[in-house]
Amino acid sequence: YESGHPALNFTEFALDDVFMANHYTYTKLVNPEVEIIFERKEEQDYIATTDMKLVSQVLSNLLSNAQKFTEKGYIHFGYRPTGNGILAYVNDSGSGIPAYLQPYIFDRFTKADNYSRGMGLGLFISKEIVSLLGGEIGMSSEEGNGSLFWFKVPCQLRIA
């Protein structure tokens with residue numbers, strides 16, 4: 001997803017595969033003092049029918065932000081089924097987001113600080129993707145006490 005709207009490519013895929021692939025990637029990127037855990041709360045894996053690449057991109061964007069702003073502590077992430085799809089989340093013990101920035105955090109070019117890498121587009125792109133998929137995205141944060149980012153995506157689910 002760069003500009004414009006991508007063609008949606010709905011396929012069946014195992015949710016655990018997407019989450020485990022991101023876990024593998026970010027385990028190598030986080031500071032050694034950060035514990036990164038895929039919280040697999042469900043007894044079974046689920047097969048989702050939606051755009052796998054876009055769901056993975058949103059998850060990766062949220063994990064990337066958590067990784068940038070968490071120098072020690074934890075990053076926990078996972079998903080759970082909802083009535084009509086999935087709710088995915090990334091929860092960290094990082095620096096948190098100042099209250100005055102929170103209303104704008106999903107806007108284009110908004111950054112929580114001027115020192116982090118990137119252009120401040122990751123959350124904006126994530127919001128656009130989730131909207132394109134018919135879902136919603138949100139967050140809660142307390143400066144100095146970490147952040148919780150979540151997104152809901154409607155999709156067909158079945159037990160693997």
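Contact here means heavy atoms within 4.5 Å. With that cut-off, residues 24 or more positions apart account for 72% of the contacts in the protein chain with a separation of 6 or more.

Now the ground rules. This is a predicted model, where local features need pLDDT of at least 70, side-chain atom pairs count only at pLDDT 80 or more, and totals for chains, interfaces and linings use all residues. Residues are numbered from 1 along each chain as its sequence is written, and side-chain values use heavy atoms, with hydrogens and water left out.

Let's start with the layout. The protein chain has three helices and eight strands. These are DSSP runs numbered from the N terminus: H or I with at least four residues for helices, E with at least two for strands. Their order from the N terminus is β-α-β-β-α-β-β-α-β-β-β. Of the 160 residues in the protein chain, 44% are buried. Buried means under 20% relative accessible area, exposed over 50%, partly exposed in between, with a 1.4 Å probe and protein chains only.

First sheet. Five strands form an open sheet, ordered β2-β4-β5-β7-β6, with mixed pairing. Two strands pair if DSSP finds at least two bridges between them. The edges are β2 (34–39) and β6 (136–141); each has a single partner strand, so one side of each is left without a neighbour in the sheet. Neighbouring strands of this sheet are turned by 10 degrees against each other on average, direction ignored. A word on angles: axes are lines fitted to C-alpha atoms, for helices over the stretch in contact, and angles run from 0 to 180 degrees between N-to-C directions.

Inside that sheet, β4 (residues 73–82) and β5 (residues 85–92) run antiparallel, joined by eight bridges. Take histidine 76: its bridge partner in β5 is asparagine 91. Helix α3 (residues 122–132) packs on this sheet, where α3 touches β6 and β7 (147–154). The direction of α3 makes about 140 degrees with that of β6.

Five bridges pair β1 with β3 (residues 46–51). Alanine 14 has isoleucine 47 as its bridge partner in β3.

Now α2 itself. Helix α2 (residues 52–69) has 18 residues and reaches 26 Å from first C-alpha to last. That is close to the 26 Å expected at 1.5 Å a residue, taking 1.5 Å times one less than the number of residues. At its start, a side-chain oxygen of aspartate 51 comes within 3.2 Å of the backbone nitrogen of lysine 53. The buried residues of α2 include Leu54, Val58, Asn61 and Leu63.

Not counting residues up to four places away in sequence, the contacts of phenylalanine 77 include Phe19, Leu63, Tyr89 and Val90.

Two buried polar residues next.

Asparagine 22 sits in helix α1. Its relative accessibility is 5%, so asparagine 22 counts as buried. A polar atom of its side chain lies 3.0 Å from the backbone oxygen of valine 18. The side chain also makes a polar contact with that of serine 56, at 3.3 Å. A polar contact is a pair of N or O atoms within 3.5 Å; within protein, one must be able to donate a hydrogen and the other to accept it, and residues adjacent in sequence count only if both atoms are side-chain atoms.

Serine 126 lies in helix α3. At 0% relative accessibility, serine 126 counts as buried. A polar atom of its side chain is 2.8 Å from the backbone oxygen of glycine 122. Beyond four places in sequence, serine 126 is in contact with Val58, Asn61 and Ile137.

Last stop: glycine 134 follows α3, with a positive phi near 85 degrees.
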